[in-house]
Amino acid sequence: MQLTAPATRRTGIRDADGMAVASFVLGLIGLLVFNVFLGPVAIALAAVALWRDTTRRGRAYLGMGLGVADLLVLVAFMQADSTVSWSF
């Protein structure tokens with residue numbers, strides 16, 4: 001007895017599209033706060049979305065780029081004040 005409908009191809013694409021959008025949003029937020037955590041998460045979500053063949057490839061690439069930018073901002077601020085965290 002199966003209680004739910006079997007997964008279809010459309011469900012997988014919708015999940016990948018959601019991951020692409022999530023990577024973009026997390027990468028954007030990561031530029032301001034928690035970049036040490038949100039940067040790698042954005043990169044990982046974008047990579048999985050691209051691997052699952054998302055229809056929102058541009059969002060996934062933007063999310064990946066923003067995730068990398070998060071880490072570059074973190075490194076720049078770490079070099080500026082010699083700490084792992086940074087403040088305004």
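User: How many salt bridges does the structure hold?
Analyst: This is a predicted model, in which local features need pLDDT of at least 70, side-chain atom pairs count only at pLDDT 80 or more, and totals for chains, interfaces and linings use all residues. Residues are numbered from 1 along each chain as its sequence is written, and side-chain values use heavy atoms, with hydrogens and water left out. A salt bridge is a side-chain nitrogen of Lys or Arg within 4 Å of a carboxyl oxygen of Asp or Glu. The number of salt bridges held by the structure is one.

User: Which side chain meets that of D53 in a salt bridge?
Analyst: D53 is partly exposed, at 44% relative accessibility, where partly exposed lies between buried (under 20% relative accessible area) and exposed (over 50%), with a 1.4 Å probe and protein chains only. The N to O distance is 3.7 Å, and the partner is R57.

User: Where is D53 found, and what is its phi?
Analyst: D53 is found in the loop between helix 2 and helix 3; helices are DSSP runs of H or I with at least four residues, numbered from the N terminus. Most residues other than glycine have a negative phi. D53 is a residue other than glycine with a positive phi, near 60°.

User: Is F34 buried or exposed?
Analyst: F34 is found in the loop between helix 1 and helix 2. Its phi is also a positive value in a residue other than glycine, near 50°. Because its relative accessibility is 63%, F34 counts as exposed.

User: Which helices each supply at least two residues of the nonpolar patch?
Analyst: Patches are made of residues with over 30% relative accessible area and no salt bridge, nonpolar side chains (Val, Leu, Ile, Met, Phe, Trp, Tyr) being joined within 5 Å. V25, I29, L32, V33, F34, V36 and F37 make a nonpolar surface patch of about 700 Å², with areas from the Shrake-Rupley method and a 1.4 Å probe. The helices that each supply at least two of its residues are helix 1 (9–30) and helix 2 (35–51).

User: What is the nearest side chain of opposite charge to D70?
Analyst: D70 lies in helix 3 (residues 57–81). Leaving aside neighbours within four places in sequence, D70 is in contact (heavy atoms within 4.5 Å) with residues including L26, G27, N35 and L38. Lys and Arg count as positive and Asp and Glu as negative, while His and the chain ends are not counted. D70 is buried yet has no salt bridge, and the nearest side chain of opposite charge, 15 Å away, is R59.

Notes. Patch = residues over 30% accessible without salt bridge, like charges linked within 9 Å, V, L, I, M, F, W, Y side chains within 5 Å.
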